[in-house]
Amino acid sequence: MAPNARLDHRNPLVFDTHELGRRPGALQRLTRTIDAPRDLGLQGVIGVPEGAPVELELRLESVMEGVLVTGTARAQAEGECVRCLEPVGLELEADFQELFSYPDADDRGRVIAEPGDDAEDDEDRFHLEDGLFDLEPLLRDAVVLALPMQPVCQDDCPGLCSECGARLADDPDHHHDAVDIRWAALQGLAGTMQDGEKDEMSGAEAGVDEKQEK
């Protein structure tokens, strides 16, 4: 989060830690149901629909460096099977844990080995702002990790027919008679020869009939 970002306490994914009072060991438990933000999940694959309810259970623990947030998010995810493209729904349960540091955590005793390393490390850290923290980035990461990269409607889904696109689960005996292209030309030639033989036979029969008439 950028240092100059301002958090809005009215945002349902922003939480207040003032009750902990920066007392190491202080504990707070929270439950909240929110509307899922946009694009929560694997875009184009599977995710929680925007506005769908997401149940949050949080445990906030005050430590020397900040507030340790541990929680679980539960929701209904929707997508489509990567094999047969049928709709897929699953119960999502995503666990997460992250330390949200106090803005002055460095001044309170954190040892810095190398100045350059500290700058890089600081970019990956979450910070509290006026006692508030934004759960959304952490929630998004947790949901993505909890979702299947390739969702299927069932483990043994046979998928679609590669030739006509039919759903194979609906017709287990579905198949197409395969013709080896190496024999296609010979089959055509055989058909031509058979047609020629028929013409010759017809001509011969016509000649016999003429002789009989004479």
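This is a short tour of the structure above, with a residue or pair to select at each stop.

Before you start, know that this is a predicted model, in which local features need pLDDT of at least 70, side-chain atom pairs count only at pLDDT 80 or more, and totals for chains, interfaces and linings use all residues. Residues are numbered from 1 along each chain as its sequence is written, and side-chain values use heavy atoms, leaving out hydrogens and water.

**Stop 1: the phenylalanines**

Select Phe-15 and Phe-133. Their ring centres are 5.5 Å apart and their planes lie at 15°, so the pair is stacked. Rings of Phe, Tyr and Trp (its six-membered ring) pair if their centres lie within 6.5 Å; planes under 30 degrees apart count as stacked, over 60 as edge-to-face and the rest as tilted. Phe-15 sits in strand S1 and Phe-133 in strand S9 (residues 132-134), so this pair ties together parts 118 residues apart in sequence. Strands (E, at least two residues) are DSSP runs, numbered from the N terminus.

Buried means under 20% relative accessible area, exposed over 50%, and partly exposed in between (1.4 Å probe, protein chains only).

Phe-100 belongs to strand S7 (residues 87-101) and Phe-126 to strand S8 (residues 126-127). Both Phe-100 and Phe-126 are buried. With Phe-15, Phe-100, Phe-126 and Phe-133 all selected, you are looking at one aromatic cluster.

**Stop 2: Thr-17**

Move to Thr-17, in the loop between strand S1 (14-16) and strand S2 (27-35). Thr-17 is buried, at 6% relative accessibility. Its side chain reaches the backbone oxygen of Gly-131 at 2.7 Å. Leaving aside neighbours within four places in sequence, Thr-17 is in contact (heavy atoms within 4.5 Å) with residues including Leu-60, Val-67 and Phe-133.

**Stop 3: charged partners**

The structure holds nine salt bridges. A salt bridge is a side-chain nitrogen of Lys or Arg within 4 Å of a carboxyl oxygen of Asp or Glu. Select Arg-6, which is exposed at 65% relative accessible area. Which residue does Arg-6 meet in a salt bridge at 3.3 Å? That partner is Asp-130. Arg-6 lies in the segment before S1 and Asp-130 in the loop between S8 and S9, so the pair ties together parts 124 residues apart in sequence.

Arg-6 also forms a salt bridge with Glu-129, with the closest N and O atoms 3.6 Å apart. Glu-129 counts as buried at 11% relative accessibility. Shared partners join Arg-6, Glu-129 and Asp-130 into one network.

For another charge, select Arg-22: it lies over the face of Tyr-102, 3.7 Å from the ring centre. A charge sits over a ring if NZ of Lys or CZ of Arg is within 6 Å of the ring centre and within 35 degrees of the ring normal.

**Stop 4: the cysteines**

How many disulfides are there? The count is zero, where a disulfide is a pair of cysteine sulfur atoms within 2.5 Å. Cys-81 is in no disulfide, and the nearest cysteine sulfur, that of Cys-84, is 3.7 Å away. Cys-84 is in no disulfide either, its nearest cysteine sulfur being that of Cys-153, at 3.7 Å. Cys-81 is buried at 0% relative accessible area, and Cys-84 is buried at 4%.

Technical notes:
Helices (H or I, at least four residues) and strands (E, at least two) are DSSP runs, numbered from the N terminus. A polar contact is a pair of N or O atoms within 3.5 Å; within protein, one must be able to donate a hydrogen and the other to accept it, and residues adjacent in sequence count only if both atoms are side-chain atoms.
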